[in-house]
Amino acid sequence: MDVVTVDGGAARRAAQRAATVAAGGVKGDGGLVVVVGGSHAYAAPPFIAGLAARRAGAHGVRIAAPPARAAQHAVLEAHLVEMPGPELDAASIRTVAEASRRMSERLVADGARGRVVWLVGPGLGGSPQAGQVLDALIEARERDRSAALVVDGSLGGGPIARRRIRALGADLVLLNRHEANALLPGEAPAGRQEAIEVPALSTLAQKISAVVVTKGDPDKITDGCRAWQVPAGHPGLARHGSGDVLAGVAAGLLAQTLPTPEAAALACHLVGTAGTALATDVGPGWLSQHLLDAVGTALRDLLA
């Protein structure tokens, strides 16, 4: 399988297409992102991802996550779905599904160009009710698949996770190396210096019927039939928060109706470019907030 390298020119063209959709003058042209995740153990990821979706150009974000102090940083830029308990549960997902349905109807009624995208997973792995939440999500998706869906992480890995991702009808799955190995059928975990090869990722993409991204050097993307690599990046991105930003950016671009592989590639390019800039401008101690700002700068520069 030939692997196409996504360079700056391809990223610029994708960014211009997304911006053209979002700049139509109607609220919702940039699409709406619904983030479902978080737990008492990992409170911040869904809020970081929600802010990243706004940085990527999404016109609106709703976040369904357990109450957390991290919400204070996102509440001015996102609507928070009120959760009754300390963890997400099946009732919470039914609330989210109803809100999503209303959002889709509003976009259609207003003639908006964007779409609704669900982002599932940031921080959810720390919840003792994660399995219940995922089963409720599958039930909701069986009733309505009008929204696109991004999965961030391996959802626990193994054959059960592969079946769940397929049942969710995921459009895009974002994985680090450890998560990819957890999902690969019949593969031993890769060592520190071992790369996960495109044929194995292609097989995974075919099994779960989704576009798969593995973060690394370079980032790799496959839909099972075609493959791309994104050389932009920096080793300093291998830290907490970077994956949440990438997931939010990808969901935001997908909400602007970019094709899934294109949204994934542009998200990888933006986050990789931002990470490289931060290594020079800030140094090794940059924070997730710095990465959010740098992603916005990278997108601005592509559109300049």
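Reply: Helix α3, residues 90-110, has 21 residues and reaches 31 Å from its first C-alpha to its last, which is close to the 30 Å expected at 1.5 Å a residue, the expected span being 1.5 Å times one less than the number of residues. Helices here are DSSP runs of H or I with at least four residues, strands are runs of E with at least two, and both are numbered from the N terminus. This is a predicted model, in which local features need pLDDT of at least 70 and side-chain atom pairs count only at pLDDT 80 or more, while totals for chains, interfaces and linings use all residues. Residues are numbered from 1 along each chain as its sequence is written, and side-chain values use heavy atoms, with hydrogens and water left out.

At the N-terminal end, Asp89 caps α3, with a side-chain oxygen 3.3 Å from the backbone nitrogen of Ala91; a polar contact is a pair of N or O atoms within 3.5 Å, where within protein one must be able to donate a hydrogen and the other to accept it, and residues adjacent in sequence count only if both atoms are side-chain atoms. Just after α3, Gly111 takes a positive phi of about 70°.

Along the helix, the buried residues (under 20% relative accessible area, with exposed over 50% and partly exposed in between, for a 1.4 Å probe and protein chains only) include Ile93, Val96, Ala97, Ser100, Met103, Ser104 and Leu107. An α-helix has 3.6 residues a turn, so residues three or four places apart point the same way. The cover over the buried residues of α3 includes β2 (32-36), β3 (60-64), β4 (79-81), β5 (116-120) and α4 (130-143), where contact means heavy atoms within 4.5 Å.

These strands belong to an open sheet of 10 strands with mixed pairing, in the order β1-β10-β9-β8-β7-β6-β5-β2-β3-β4, and two strands pair if DSSP finds at least two bridges between them. The edge strands, β1 (3-5) and β4, each pair on one side only.
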